[in-house]
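Subject: Structure handover

Hi,

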Number of protein chains: 2
Amino acid sequence: MASTASTRQPPPTATPELSSSSGRSATEARSLKVHSEAERRRRERINGHLATLRRMMPDASQMDKATLLSSVVSQVRHLKRKAAETATQPLTPVPPEANEITVRCYTAGSDDRTTCIRATVSCDDRPGLFTGLAGAFRGLGLRTLRAELASLGGRAHHVFVLCNEDGDVGAGPRALERTVWQALAQVAFPETAFGGTSWSKRQRILDAGCSLMYSLRAEI
Amino acid sequence: MASTASTRQPPPTATPELSSSSGRSATEARSLKVHSEAERRRRERINGHLATLRRMMPDASQMDKATLLSSVVSQVRHLKRKAAETATQPLTPVPPEANEITVRCYTAGSDDRTTCIRATVSCDDRPGLFTGLAGAFRGLGLRTLRAELASLGGRAHHVFVLCNEDGDVGAGPRALERTVWQALAQVAFPETAFGGTSWSKRQRILDAGCSLMYSLRAEI
DNA sequence: GCATACACGTGAGGC
DNA sequence: TGCCTCACGTGTATG
């Protein structure tokens with residue numbers, strides 16, 4: 001099934017016996033000719049666009065028409081969703097209502113030497129918050145590779161990607177995560193006395209006093 | 001041209017005179033029948049996908065097939081470009097090689113009371129740079145609304161959206177831009193003694209000494 | 001009448 | 001061989 005499709009040669013256009021011999025009047029025959037020619041032009045237009053689509057789709061050179069169109073349908077669906085997602089996500093999303101700090105430590109690159117940290121902070125915004133968070137990383141000897149911040153309606157959401165400057169994880173990734181988390185918590189929620197509240201496992205602590213939820217995720 | 005296309009009724013499937021009367025053997029006739037039926041199924045598959053595409057495209061209900069396909073081509077092109085743009089833009093792009101600080105002051109919202117500033121900084125990365133820039137805004141009484149930072153290969157690119165905390169532009173937007181620009185320059189390029197170099201107009205200064213280009217843009 | 005667009009059945013060629 | 005896909009010319013409907 002599915003012959004080469006795009007490289008197929010049409011048979012030499014067997015000219016429909018135009019004149020004489022058949023039970024056709026001359027005008028009938030000519031009108032039939034212009035008709036078939038118009039129809040061929042129509043086919044060429046359609047197949048031209050089909051060929052263009054084939055070139056635009058991945059691995060579509062051997063697909064038959066129906067399969068090609070079906071893949072176009074999926075591709076359009078996929079692209080539409082992707083465009084819609086990224087259109088609302090170019091910057092960090094609208095700051096969520098829940099207060100939350102997440103810290104995840106991972107190794108990037110082919111060698112497992114480069115340790116990266118992804119940290120997010122959602123909290124009430126206030127003057128100096130951003131500076132404070134940035135300073136916290138500096139104090140920990142972490143370099144900021146990427147950062148995104150959105151502030152809206154008194155709420156702020158931050159995303160940071162950091163790396164350990166000396167490439168040394170020290171006491172291990174879990175301990176590093178805990179340290180970062182505590183440093184961020186001190187800046188983001190200074191009013192809350194934060195001890196070493198149960199980092200050992202993923203947990204959610206509902207602080208009834210200020211109606212805040214602090215959650216700590218060891219994985220994502 | 002272009003009849004309703006999607007609501008067209010096929011003529012009642014004029015069954016090709018199957019048996020008898022024609023100069024066909026019975027097996028020939030039957031094979032011809034299964035052939036034409038297979039061909040119809042094939043057409044139905046293709047047209048089914050075309051109908052799906054028609055539903056997905058805007059205002060395509062009256063298009064003929066060729067026009068529909070041509071609009072699908074444009075749509076896919078458009079979506080691909082959009083997806084590619086936003087895919088590489090969710091974070092700030094790869095840090096450019098040229099050193100540059102841009103500051104633009106504008107009024108956001110329906111009322112012209114809210115003054116915003118968009119500032120970008122491209123420079124060599126170093127520990128504490130991010131903290132320094134964030135601190136510069138803090139020192140100027142500016143609140144950071146949005147921020148993006150990318151650091152790659154020793155280069156860093158920052159985008160900030162700020163607002164004046166007290167909503168007061170003070171000596172006017174141009175003066176504010178100048179102030180912000182100078183503060184950022186002091187952090188980003190401390191080795192360069194930066195005077196009040198010609199803010200008055202958009203300009204580019206090529207500093208031959210360190211092969212850096214500082215450009216200042218009053219508009220974007 | 002003319003132009004256009006569609007569905008159809010058929011022949012040809014590829015696995 | 002049979003099954004599949006394609007291009008073709010035709011009949012027919014619409015404007």
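B:Asp125 is buried in this predicted model, and its relative accessible area comes to 16%. The side chain of B:Asp125 meets the one of A:Arg143 in a salt bridge, with 3.0 Å from N to O. A:Arg143 belongs to strand β3 of chain A (residues 142-152), while B:Asp125 sits in the loop between β2 (114-124) and α3 (129-139) of chain B, so this pair joins two chains.

Over all chains, the structure holds 10 salt bridges. Another one of them links A:Glu177 and A:Arg174, whose closest N and O atoms are 2.8 Å apart. Both residues are in helix α4 of chain A (residues 173-188), and because they are three residues apart there, about one helical turn separates them. A:Glu177 is buried at 0% relative accessibility, whereas A:Arg174 is partly exposed at 42%.

Chain B has a salt bridge between B:Glu177 and B:Arg174, again with 2.8 Å between the closest N and O atoms. These two are three residues apart in helix α4 of chain B (residues 173-188), so about one helical turn lies between them. B:Glu177 is buried, with a relative accessible area of 0%, and B:Arg174 counts as partly exposed at 43%.

Now to the strands. How many residues of strand β4 (residues 155-164) of chain B are buried? The count is 10 of the 10, so β4(B) is largely enclosed by the rest of the structure. B:Arg155, B:His157, B:Val159, B:Val161 and B:Cys163 point one way from β4(B), B:Ala156, B:His158, B:Phe160, B:Leu162 and B:Asn164 point the other way, and all are buried.

Strand β3 of chain B (residues 142-152) pairs with β4(B) in the antiparallel sense, over 10 bridges. Two places to look at in this pairing are B:Arg143, which has B:Cys163 as its bridge partner in β4(B), and B:Leu142, which stands opposite B:Asn164. β3(B) is itself mostly covered, with eight of its 11 residues buried.

Where do the two chains come together through strands? β3(A) and β3(B) run antiparallel and are joined by five bridges. Within β3(B), B:Leu149 is the residue that stands opposite A:Ala147.

The helices come next. In chain A, helix α3 (residues 129-139) packs with α4(A) at an angle of about 155 degrees, and their axes are 9 Å apart. That angle makes the two helices roughly antiparallel, the cut-off for this being over 145 degrees. Their crossing is right-handed. From α3(A), the contact is made by A:Leu129, A:Gly132, A:Leu133, A:Ala136 and A:Phe137, and from α4(A) by A:Val180, A:Ala183, A:Leu184, A:Val187 and A:Ala188.

As for α3(B), its buried residues are B:Leu129, B:Phe130, B:Thr131, B:Leu133, B:Ala134, B:Ala136 and B:Phe137. After α3(B) comes B:Gly141, where phi is positive, near 70 degrees.

Best wishes

Terms used: Residues numbered from 1 in each chain as written. Chains lettered and ligands numbered in written order. Predicted model: local features only at pLDDT ≥ 70, side-chain atom pairs only at ≥ 80, totals over all residues. Heavy atoms only, no water. Salt bridge = Lys/Arg side-chain N within 4 Å of Asp/Glu carboxyl O. Helix = DSSP H or I, 4+ residues; strand = E, 2+ residues; numbered from the N terminus. Buried < 20%, exposed > 50% of the residue type's maximum accessible area, 1.4 Å probe, protein only. Pairing = 2+ DSSP bridges. Axes fitted to C-alpha atoms, helices over the stretch in contact; angles between N-to-C directions. Parallel < 35°, antiparallel > 145°, perpendicular 65-115°, else oblique. Left-handed = near helix turned anticlockwise from the far one by under 90°. Contact = heavy atoms within 4.5 Å.
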